[in-house]
Amino acid sequence: MRKMILTFVMFLMTIILTACQFGSVGEDKVITVYTERHYDTDQLLYDRFTELTGIGVNLVSDGADQLITRMSNEGQDSPADVLIIADAGRLHRAKEMDLLQPVTSDVLEEQVPSKYKDTNHYWYGLTMRARVLVYHPDRVNASELSTYEDLTDSKWEGRIVTRTSTNIYNQSLMSSMIEIMGEQQARAWAAGLVQNFARDPQGNDRDQAKAVVSGEADIAIMNTYYIGRMLNSSDPYEVEVGETVRIFFPNQDTTGTHINVSGAGVAKHSKNIDEAIELIEFLTSEEAQRSYADANYEYPINPTVEPHDLLKSWGSFISQDIPLNKLGEHSALATIIMNEEGWK
Ligand SMILES: [Fe+2]
């Protein structure tokens, strides 16, 4: 009886081992990606990458700050090969914390314009977004809108909403103002803007658009893709909000609209550098860029790929012409200024 059980167990183990072998056919190597992005479409992209290259992808998803802390704590034992997070300010922080390494390739040079990558090649943009003015067309005429600077005018008193100063998107917007105007004027801008807030900063970007529709405010400062996401939301109220508001690209006659990226870098202690570069090359390729653009309503960074039709309907725009590294370099000062000027 015992012998029979043993034979049966060995038989089972053979089946399991064979299955495992078949399961890994075509996956010569597996790389580990720490990512803040958590969309189903992203998983399809990784599957496609494996299909094309034979390189498997092990995903670790968490918040950007959590991933950065985790990599930092893991040090040289970190299994991370690639880090993918939103905001140049955060990518810069990862670089400064010595979590990334510079990499170059002809493919990346071609697919990612210099505007959307780190000047020292520590990270490459994957998608681009603009931080725009979203307004209610019944209460604001587009002809009244012009620049971020104009938002400090007393005509906007009690009419503007945006999220808190702890949010990286606003820290990066503030950093861009420091870069463009200098510290003194940027400080005055922050003070003037706070003066015109309709309420204490709160909520996420979608909540700002909702405040505009509910009548709590007339203008929201927020990222473009949230309008796309709300228009395609399963929540009917979000669709209504998306359909009600309008988008305005500020500073078109002056310094351009504030933009930012989500991006990827090769981990400092990656043991699979070639494969990690291959993944970033794939994610910035036409095929992957098309998928990003259609799934999340962000702008492609690869110039050969057209934006989604919805984004095209908003029209083209001129963006700030400052190195995205600056968003990270000024980020500490930006936070201090916002705190000191009462931007909660
Ligand atoms: Fe976001």
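This is a predicted model: local features need pLDDT of at least 70, side-chain atom pairs count only at pLDDT 80 or more; totals for chains, interfaces and linings use all residues.
Several elements build the side of domain 1 that touches domain 2. Helix H4 (88-96), strand S5 (124-135) and strand S9 (258-267) are the elements that each give two or more residues to this side. Of these, H4 gives the most, with 6 residues. Sorted by class, the side of domain 1 that touches domain 2 has 10 nonpolar, 7 polar and 8 charged residues.

Domain 1 takes in residues 2-128 together with 260-312, while domain 2 takes in 129-258 together with 317-340. The C-alpha centres of the two domains are 30 Å apart. Where the domains meet, 25 residues of domain 1 are in contact with 23 residues of domain 2.

The size of an interface is often expressed as the accessible area lost when the parts come together. Here, domain 1 and domain 2 bury about 2,000 Å² between them, and 54% of this area is on carbon and sulfur atoms. On the domain 1 side, three residues stand out: Lys115, Asn260 and Tyr297 supply 30% of the area that domain 1 buries against domain 2, more than any other three residues.

Notes:
Residues are numbered from 1 along each chain as its sequence is written. Side-chain values use heavy atoms; hydrogens and water are left out. Domain bounds come from an automatic or database domain assignment. Contact means heavy atoms within 4.5 Å. Buried area is the accessible area (1.4 Å probe) that two parts lose on being put together, summed over both. Helices (H or I, at least four residues) and strands (E, at least two) are DSSP runs, numbered from the N terminus. Ala, Val, Leu, Ile, Met, Phe, Trp, Tyr, Cys and Pro count as nonpolar, Asp, Glu, Lys and Arg as charged, and the others, Gly among them, as polar.
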